[in-house]
Amino acid sequence: VIGALASLLSPAGRRARLQILIFHRVLAQPDPLFPGETDAARFDRICGWVRRWFKVLPLDEAVQMRAEGRLPARALSITFDDGYADNHDVALPILRRHGLTACFFIATGYLGGGRMFNDGVVELVRRSTLPQLPLDGLPLSIPGALPLGDLPARRAAITTLIDALKYRPVAERLEFVRVLQARAGVEALPDDLMMRPDQVVALHGAGMQIGAHTVTHPILARLSAEEARAEIERSKAVLEEMLGRRVGLFAYPNGRPGTDYDADSVRLVRQAGFDAAVSTAWGSNRADTDTFQLARFTPWDRTRARFGARLLVNLRREPALLASE
Ligand SMILES: [Zn+2]
């Protein structure tokens with residue numbers, strides 16, 4: 001039923017709507033600290049549903065077909081952001097088992113031992129044995145200390161800290177993580193969360209697409225034009241060197257139109273020679289949706305019926321994007 005409804009809402013050709021799903025991590029085992037995070041068993045179920053209901057296409061081909069008005073009915077692409085090692089270790093074997101393809105957007109500066117600030121926060125909170133994390137004297141606008149007594153308190157502490165740091169400059173975020181790690185009494189944080197370059201090459205060799213996602217995952221709208229251009233162009237060049245071929249797809253870090261990227265960011269991505277870019281605005285993409293701000297969607301439901309219904313609702317949703325140039 002869901003496949004048939006999807007074909008009605010998104011028929012082949014000019015009236016087609018391209019739906020693009022976003023994932024970040026696929027954990028080998030569920031994480032008690034993040035019960036909502038996608039794990040292997042859940043991703044396997046999702047792949048089974050999506051394969052049955054939709055026509056899953058490589059994102060680069062889907063972008064091309066959309067431009068030419070020849071998308072098949074109920075077209076869908078799968079994407080992953082950031083470049084986590086579990087994308088290679090856990091998600092890739094599942095995708096292959098289902099005969100599916102996906103596009104992986106990589107923040108190149110963290111490959112091979114790096115760590116994004118949000119994971120620094122998560123892992124220092126996870127590893128701390130203190131009853132609370134003292135924050136006195138830190139310019140964080142969070143008073144006192146954050147309780148770490150139980151899992152809900154730790155989850156709340158992680159959310160509070162990430163929200164407080166998200167819109168700060170990249171170097172400042174990483175410096176805060178170093179300070180917080182010391183305050184939390186944590187000696188070492190993991191350095192194997194992100195892929196190594198050879199794993200990116202292996203994904204590509206397995207028929208997956210690779211896209212650029214800047215170097216350090218900054219909020220592009222907060223950078224000067226020169227800084228933003230360097231982030232965008234360098235991530236493309238690094239990946240092209242690594243893969244020995246052109247990289248035509250880009251994903252804006254965080255991806256919310258106006259908040260995380262602006263009209264200047266869009267212009268810089270066009271000028272850098274990309275074919276298309278994806279945002280995190282929810283919705284599906286009609287023939288006239290801006291190719292440099294394609295909408296995506298994060299599904300979260302656990303049951304088949306709800307998951308399917310949510311994708312059908314998203315198929316009809318018009319994304320709220322910045323005005324195209
Ligand atoms: Zn990202």
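**Group meeting: helix packing and ring pairs**

The crossing of α2 and α11 is right-handed. Okay, that's my way in, and before I go on: what we're looking at is a predicted model.

For α2 and α11, which covers residues 304-315, the axes cross at roughly 50 degrees and come within 11 Å. Angles under 35 degrees would count as roughly parallel, and 65 to 115 as roughly perpendicular, so α2 and α11 end up oblique to each other.

Who is touching whom? On the α2 side you'll find I46, W49, V50, R52 and W53, and they meet R304, F307, G308 and L311 of α11. Sort that contact by class and you get six nonpolar residues, one polar and two charged.

Now stay on α2, residues 40-53, and look at another partner: α4, residues 85-97. Here the angle is about 30 degrees, and the axes are 10 Å apart. That makes α2 roughly parallel to α4. The crossing of α2 and α4 is right-handed. From α2, the contact uses A40, F43, D44, C47 and R51, and from α4 it uses V90, A91, I94, L95 and R97. By class, that's seven nonpolar, three charged and no polar residues.

Right, on to the rings. How many aromatic pairs turn up in the whole structure? The search finds 13. Let me show you F80 and F104: their ring centres are 4.7 Å apart and the planes sit at 10 degrees, so we call the pair stacked. F80 is in strand β3, residues 75-82, while F104 is in strand β4, residues 103-106, so this pair ties together parts that are 24 residues apart in sequence. Are F80 and F104 buried or exposed? Both are buried.

Compare that with F250 and Y252, an edge-to-face pair with 80 degrees between the planes and 5.4 Å from centre to centre. F250 and Y252 are buried too.

Last stop, A4, which lies in helix α1, residues 2-9. Its relative accessibility is 52%, and since exposed means over 50%, A4 counts as exposed. A4 and R302 are 298 residues apart along the chain, and their C-alpha atoms are separated by 21 Å.

Okay, that's me done. Who's next?

Note on methods
Residues numbered from 1 in each chain as written. Predicted model: local features only at pLDDT ≥ 70, side-chain atom pairs only at ≥ 80, totals over all residues. Heavy atoms only, no water. Axes fitted to C-alpha atoms, helices over the stretch in contact; angles between N-to-C directions. Helix = DSSP H or I, 4+ residues; strand = E, 2+ residues; numbered from the N terminus. Parallel < 35°, antiparallel > 145°, perpendicular 65-115°, else oblique. Left-handed = near helix turned anticlockwise from the far one by under 90°. Contact = heavy atoms within 4.5 Å. Nonpolar A, V, L, I, M, F, W, Y, C, P; charged D, E, K, R; others polar. Phe/Tyr/Trp six-rings, centres within 6.5 Å; stacked < 30°, edge-to-face > 60°. Buried < 20%, exposed > 50% of the residue type's maximum accessible area, 1.4 Å probe, protein only.
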